[in-house]
Amino acid sequence: MSLLEAIIMGLVQGLAEFLPISSSGHLAIFKHILNIDLESSGGMVFDVMLHFGTLVAIFIAFWKDIKKLVVEGVCIIGDCFINLARYFQNAIFAKGSEKKEYKKIVDTAYRKFVMLVIVSTIPTGIIGILLKDIVEKASATLIVPGICLLITAGLLIVADRAKDGTKRPNQITYKEAGIVGIVQGIATLPGISRSGSTIATSLKLGFDKNFAVKYSFIMSIPAVLGAALLEIKDFANISTEPTILVNYAIGTIVAAVVGYICIKTMLVVVRGKKFKGFAYYCFVVGMIAIVWNFII
């Protein structure tokens with residue numbers, strides 16, 4: 001992969017990951033346009049690196065929230081151990097009024113946020129593992145990304161018409177978090193926008209608009225890290241030529257910088273519910289991809 005190709009792919013990833021137009025679908029399309037050989041490019045490894053770049057953008061944009069979530073997550077684990085110790089103490093040693101009360105685990109909005117992300121991650125992980133081989137094969141053709149882009153267009157129209165919600169972490173149920181997680185898992189298919197589909201689902205479930213964006217992006221962190229872990233074995237197959245490694249690194253940096261800008265853009269888009277333009281774009285690109293698949 002040349003430096004120009006790596007930069008173009010980084011731009012595509014940074015733009016499409018956070019704008020609701022599907023990064024995986026656009027990466028699949030541009031691989032065909034640029035005639036990039038998946039095997040010689042390290043398979044899906046470069047895709048993972050590009051996603052890592054946009055992951056960095058999420059950490060920068062939502063650093064305060066992520067820091068708070070990590071702290072509260074550690075505290076949740078600590079309180080669980082305290083309750084476990086109290087259980088054995090009450091069961092073995094304490095009698096009557098001597099028994100100690102258990103600590104309430106989820107007692108703040110951020111702790112509920114942590115639990116919601118965990119609940120969403122479970123179905124995402126299961127679906128991601130089940131669809132892994134299908135996703136790799138689907139990315140090698142244009143027909144699947146094209147059809148999925150049409151699905152994304154429909155989801156964005158739904159999001160555009162969704163009523164304004166008010167739900168913040170404390171009002172959101174674990175069932176709703178599970179539904180968003182299922183949608184994120186399905187969005188591993190190239191052409192279905194992860195951000196677009198999860199934000200659309202969140203808005204339809206009544207989430208507050210600002211929280212819907214924050215939740216969509218932060219809940220992607222475990223999913224991206226999980227995908228990276230699954231692809232670690234493929235890193236051994238990457239060419240060790242310095243030029244290739246530098247190109248990969250530059251593409252990743254480009255994805256991170258462009259991704260950060262697009263996160264800020266997406267916050268404005270969701271507040272104004274301006275999804276129609278992206279829906280029309282996905283429809284047009286999807287139709288072009290489908291037609292192209294049968295022409296070439």
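What you're looking at is a predicted model, where local features need pLDDT of at least 70 and side-chain atom pairs count only at pLDDT 80 or more, while totals for chains, interfaces and linings use all residues. Residues are numbered from 1 along each chain as its sequence is written, and side-chain values use heavy atoms, with hydrogens and water left out.

Let's start with charge. Side chains of opposite charge can pair when their charged atoms come close. The structure holds 9 salt bridges, a salt bridge being a side-chain nitrogen of Lys or Arg within 4 Å of a carboxyl oxygen of Asp or Glu. One of them joins E72 to R111, at 2.9 Å from N to O. This pair links distant parts of the chain, since E72 sits in helix 4 (residues 63-92) and R111 in helix 5 (residues 109-138), 39 residues apart. Helices here are DSSP runs (H or I, at least four residues), numbered from the N terminus.

R111 also pairs with D107, with the closest N and O atoms 3.7 Å apart. Are these residues buried or exposed? R111 has 7% relative accessibility, so it counts as buried, whereas D107, at 45%, counts as partly exposed. The cut-offs are under 20% relative accessible area for buried, over 50% for exposed and in between for partly exposed, with a 1.4 Å probe and protein chains only. E72 is buried too, like R111.

Another salt bridge, between D208 and R168, spans 3.0 Å from N to O. D208 lies in the loop between helix 8 and helix 9 and R168 in the loop between helix 6 (143-161) and helix 7 (174-186), so the pair ties together parts 40 residues apart in sequence. R168 is partly exposed, with a relative accessible area of 35%.

Now for the helices on either side of D208's loop. The axes of helix 8 (residues 194-204) and helix 9 (residues 209-218) come within 9 Å and cross at roughly 140°; axes are lines fitted to C-alpha atoms over the stretch in contact, and angles run from 0 to 180 degrees between N-to-C directions.

Finally, look at the surface. I33, F283, V284, M287, I288, V291, W292 and I295 form a nonpolar patch there, with about 740 Å² of accessible area together. Such patches take residues with over 30% relative accessible area and no salt bridge, nonpolar side chains (Val, Leu, Ile, Met, Phe, Trp, Tyr) being joined within 5 Å. Helix 12 (residues 276-295) gives the most, with 7 residues.

Conventions: Patch = residues over 30% accessible without salt bridge, like charges linked within 9 Å, V, L, I, M, F, W, Y side chains within 5 Å. Areas by Shrake-Rupley, 256 points an atom, 1.4 Å probe, with all protein chains shown as cover. Helix = DSSP H or I, 4+ residues; strand = E, 2+ residues; numbered from the N terminus.
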